[in-house]
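Q: I have a model open and would like to learn how to read it feature by feature. Could you take me through it?

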Amino acid sequence: LQRSITNISQYSDSTFLLSNPDYLIRMDHQKVSRTLSKEDIGVDKRQFINYLYKPNDESCIFILTTSSIYKFSPTTEKCKKVDQMKDAEYRIMQDLKDGYQFVGTYGQGYYLHYNGKWVKMPLDKNGYLKFAHAALIDSLGYVWISSNNGLFQTKFIDMVDYAQGKNPELYYYYYDKSSGFLTDEFNGGCQTPALKLRDGRFS
């Protein structure tokens with residue numbers, strides 16, 4: 001394949017999908033059953049595959065690329081581009097809560113996805129959230145978003161209200177080196193670059 005495998009997503013009990021920037025590999029019952037180029041499935045040849053995400057309530061896989069988001073059907077092995085999304089380098093898509101997903105980009109901010117809607121979320125006053133790498137929600141309902149320039153905290157319910165048009169603004173609390181961090185550069189570099197541990201702490 002010439003490039004390393006960078007992503008894996010579980011589609012069913014026995015089916016996994018793996019990818020590198022140019023190929024999608026299907027494994028059934030622990031054996032490779034199909035190796036598909038990005039052109040085979042309908043991804044533009046000028047784009048590279050960045051990330052795979054399987055929603056809990058849909059029979060598709062979202063493929064995030066360096067320009068677009070596609071819905072891939074493992075049944076037909078074809079993609080359909082999500083037309084309402086602007087060109088951007090989409091890096092990550094992850095669950096938050098109650099059917100809401102965080103979608104991070106490299107340089108174009110972040111989105112909230114729910115019920116088939118994709119809502120561009122507001123940036124902080126300095127624009128640091130243009131590079132939003134990951135988001136985790138804690139037990140008190142606060143969402144923590146890592147970026148190239150510090151860590152941001154906001155309320156999940158406020159994010160939902162903004163996405164639904166109930167609130168025109170979104171307040172972020174900002175943490176940087178003055179909060180005690182040795183660095184305020186929370187780079188991505190892997191998928192996912194943040195996770196919640198079993199004891200509730202974040203890493």
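A: Let's begin with a term for surface cover: a residue is buried under 20% relative accessible area, exposed over 50%, and partly exposed in between (1.4 Å probe, protein chains only). By that scale Phe 202, at 31% relative accessibility, counts as partly exposed.
A: Some ground rules: this is a predicted model, where local features need pLDDT of at least 70 and side-chain atom pairs count only at pLDDT 80 or more, while totals for chains, interfaces and linings use all residues. Residues are numbered from 1 along each chain as its sequence is written, and side-chain values use heavy atoms, with hydrogens and water left out.

Q: What average pLDDT does the chain have?
A: pLDDT is the predictor's confidence in each residue, from 0 to 100. Here the chain averages 94, and 99% of the residues score at least 70. Confidence is lowest in strand β1 (residues 7-10), at a mean of 92, and highest in helix α2 (residues 156-163), at 98.

Q: How many helices and strands are in the chain?
A: Helices (H or I, at least four residues) and strands (E, at least two) are DSSP runs, numbered from the N terminus. This chain has 2 helices and 16 strands.

Q: What radius of gyration does the chain have, and what would a compact globule have?
A: The radius is taken over C-alpha atoms, and the globule rule is 2.2 Å times the number of residues to the power 0.38. For 203 residues the rule gives a value near 17 Å, and the chain has 17 Å, so the two agree. The C-alpha trace spans about 50 × 35 × 35 Å along its principal axes, and 45% of the 203 residues count as buried.

Q: Which residues does Phe 202 touch?
A: Contact means heavy atoms within 4.5 Å. Leaving aside residues up to four places away in sequence, Phe 202 touches Leu 136, Ile 137, Asp 138, Trp 144, Leu 195 and Lys 196. You'll find Phe 202 in the segment after β16 (173-175). Phe 202 and Tyr 11 are 191 residues apart in sequence, and their C-alpha atoms are 26 Å apart in space. For the whole chain, take the contacts between residues at least 6 apart in sequence: 39% of them join residues at least 24 apart.

Q: Is Lys 54 buried or exposed?
A: Lys 54 is buried, with a relative accessible area of 18%. It sits in the loop between β5 (49-53) and β6 (61-65). Not counting residues up to four places away in sequence, Lys 54 touches Ser 9, Gln 10, Tyr 11, Cys 60 and Ile 61.

Q: How many bridges join β6 to β7?
A: Two strands pair if DSSP finds at least two bridges between them. β6 and β7 run antiparallel and are joined by 4 bridges, with a hairpin of 3 residues linking them. Ile 63 has Tyr 70 in β7 as its bridge partner.
A: Tyr 70 also has a bridge partner in β8, namely Lys 81. Strand β7 (residues 69-73) and strand β8 (residues 78-81) are antiparallel too, again with 4 bridges. Also look at Lys 71, which stands opposite Lys 80 in β8.

Q: Which residues take a positive phi?
A: Most residues other than glycine have a negative phi. One of the positive cases is Glu 77, near 60°, in the hairpin of β7 and β8, which has 4 residues between the strands. Another is Gln 2, at about 75°, in the segment before β1; Gln 2 is exposed, with a relative accessible area of 87%. Asn 115 has a phi near 50° and lies in the loop between β11 (110-114) and β12 (117-120). Asn 115 is exposed as well, at 72%.

Q: How many aromatic pairs does the structure hold?
A: A pair of aromatic rings is described by the distance of the centres and the angle of the planes. Rings of Phe, Tyr and Trp (its six-membered ring) pair if their centres lie within 6.5 Å; planes under 30 degrees apart count as stacked, over 60 as edge-to-face and the rest as tilted. The structure holds 13 such pairs. In one of them, Phe 181 and Phe 186 have ring centres 5.3 Å apart and planes at 85°, so the pair is edge-to-face. Elsewhere, ring pairs link Tyr 128, Phe 152, Tyr 172 and Tyr 174 into a cluster.
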